[in-house]
Every structure is written in C-alpha cells, then in structure tokens.
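This report describes selected features of one protein model, from a single residue to the arrangement of its secondary structure.

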Amino acid sequence: MVPDLQEIEQVHESIKSRINRTPVLTSSSINKIAGCEIFFKCENFQKTGAFKFRGANNALLSLSDEELSRGVATHSSGNHAAALALAARKSGVKAYIVMPRNAPRNKVNAVKEYGGNIIFCEPTQQSREETLNDVVSKNGAVFIHPFNDYRIIAGQATAALELIRETGNLDYVIAPVGGGGLLSGTSLAVKLSDNNTKVIGAEPSGADDAYRSIRDGKIYPSIEPKTVADGLRTSLGEKTFDIIRRFTNRIITVNDTRIIEAMRLIFERMKIIIEPSSAVPLAAVLANKIIFEGKKTGIILSGGNADFDNLPWK
C-alpha cells in the first residue's frame, strides 16, 4: 500500500542509525540570482553519495532472515546499484547488480568498491530485465526494484521529511524525476505533512517522459532519452506514476544548457560537488523565476557522484 505519514516516520526511525542526517544549506548569492530563498537538502553528502541509500536500507530491513540468506539483486546504471551494494555489505548480505555496459565508470567502480557482484548487460531495458531474471533464477536472490517499490519510496521520502522538519513551512519543494522514487516519496512526505506546500518535479526536456505521462494520464516509456542528467533517463513505474499523479502539483522541464549552468553555479557558489541530475531543480527555478519569486523553496540535491573525467562544461 502507498506509505502514509506514520509509516514514513517509522521508516525514518528505523534507518536513521544507518544513514547520514544530511545538511540543509543556503547560498545568499544563489538566492540573489534566483530571486527567492532556497534551502538545499544535500543528499550529495549521503552515504554512497546519493539519496538512494535511504530506500536501499529500508528494503533490506523489510526482508526475513531466509530472504536475506539468498541475497538481493537489482538492475541499475548507478546510484541505486551502489546504495544496495553498500547496504547489503553492511548487513552481511550478497548483492547481485546488473549494470549496462555503458554505465558511468565512476559508478561501476563504486559498486565494485562496495562489494557488489556486477553482471553486465546490454544498454536496453529488455536486456536489463532478462539478465536480472537469469540472475534471480540462478541464485534465488530477492529483487529490489530501483524505484517502483513502496519500501524504496518510503525510504526516499525521509529526505524530504528531514527537510521540512528543519526548515518549517515552505512554499515549494522541488525534486528531480527519473523513475520517480524520489519525487513520489518527496510528494508524500510533504503533502501528508502540509498540503499548502506545492511539490514540483524537475525533469530534463530531453527525457520528458514523466511530464508527458502526467499530462496525458498514462505512462510513456523513456525511449532514447538525450540528456546530460544520466540519473533521470528512466521511465516511471506504475507505483511512482500513481503517487506523482495524485500528490505532485506539476512537472517542469528544462534543457541541458540550463542544467549545466545550474550545476556549475552550485560548484562555484556553494563549493560542493553535485552530479547533473541534482542540478535540474535549480535549473527549473532559474528558468521560471516568476513562479518562485520571493518564495521559500526547498530543493533536494539528489546526489554528488559526478564523473570528473566527463564534466559537462569541459
């Protein structure tokens, strides 16, 4: 069932000793440029460098001893793979990670470092799923979906729960959207706490399947997405689509030029590292200043696993 506020609070209590309580930072110079007051929830400082560690831990805590003995498996090109690998290692559990051959090198290396057993596949959804099914059938591992899982969604929701508890009333909370685990969890945490706060999803215009899906009321697959934000190239799942449709106010799309500008602005003004996907919410604010003018705005900085060999402004 869709997590309620009580469940999200319970999840936060159960995982808080396993995760980092990430800081909320502000930047007076970015506020001046944006024309509003922005509170950045810095999940780039989360273990494994992304919010995904929250959901991975909650999923593992939900499993029985018998299930844990068989290990866990997933398919992911990056942050979920690393999060599940580390969470599994800390729990003494095997993790089988199906990754596309073209996954970013830094994220492949992170999964190896965290002890994940990597099985490479072709860079298509069909190959991911077929390879995963083969791994599960051979090893009996429990599949942990990267986003289309209420346990994952409830875990990701705890980032926004911490944000609103620390900042108080916000006019807007913005999260990036790819598969929708973070945005659906953010929407639940915010709307169930205070229905007056508007929740916005930020998405690359070159991978705008979520925008079109919510607009038309049906899930469009992400086909050949073209965006620098590699973490946001995934299609929505049925569970995330339903929650976003019900609890998110709107989705704003922005092009890669604005995403790169926002990413560089955070590097330069805040002196912190983020990956392209994290910059999409700020890019949405800067491209729509009239909407956010004078408003208190929370932004989830989803991760900091930037590929320094391929920074988008090099």
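In this predicted model, S76 counts as buried because its relative accessibility is 7%, under the 20% limit for that class. S76 is found in the loop that joins β3 (72-75) to α5 (79-90). Its side chain reaches the backbone nitrogen of A81 at 3.1 Å. When neighbours within four places in sequence are left aside, the residues in contact with S76 are A81, V98, M99, P100 and R128.

Most residues other than glycine have a negative phi. E224, which is not a glycine, has a positive phi of about 50 degrees, and K271, also a residue other than glycine, has a positive phi near 60 degrees. E224 is exposed, since its relative accessible area is 62%, over the 50% limit. K271 likewise counts as exposed, at 66% relative accessibility.

| Residue | Loop between |
|---|---|
| S76 | β3 (72-75) and α5 (79-90) |
| E224 | α10 and α11 (238-247) |
| K271 | α12 (256-270) and α13 (276-287) |

The sheet comes next. Six strands form an open sheet with mixed pairing, in the order β1-β2-β10-β7-β8-β9. Its edge strands, β1 (24-25) and β9 (250-254), each pair on one side only. Within the sheet, β7 (residues 172-176) and β10 (residues 296-301) pair in the parallel sense over three bridges. V173 stands opposite G298 in β10.

Helices lie across this sheet. Helix α8 (residues 150-167) lies across β1, β2 (37-42), β7 and β10, and runs at about 135 degrees to β2. Helix α10 (residues 209-216) lies across β8 (198-204) and β9, at about 145 degrees to β9.

On the α1 side, V11, S14 and I15 meet R54, N57, N58 and L61 of α3. By class, this contact has three nonpolar, three polar and one charged residues.

Definitions and conventions
Residues are numbered from 1 along each chain as its sequence is written. This is a predicted model: local features need pLDDT of at least 70, side-chain atom pairs count only at pLDDT 80 or more; totals for chains, interfaces and linings use all residues. Side-chain values use heavy atoms; hydrogens and water are left out. Contact means heavy atoms within 4.5 Å. Helices (H or I, at least four residues) and strands (E, at least two) are DSSP runs, numbered from the N terminus. Ala, Val, Leu, Ile, Met, Phe, Trp, Tyr, Cys and Pro count as nonpolar, Asp, Glu, Lys and Arg as charged, and the others, Gly among them, as polar. Two strands pair if DSSP finds at least two bridges between them. Axes are lines fitted to C-alpha atoms, for helices over the stretch in contact, and angles run from 0 to 180 degrees between N-to-C directions. Buried means under 20% relative accessible area, exposed over 50%, partly exposed in between (1.4 Å probe, protein chains only). A polar contact is a pair of N or O atoms within 3.5 Å; within protein, one must be able to donate a hydrogen and the other to accept it, and residues adjacent in sequence count only if both atoms are side-chain atoms.
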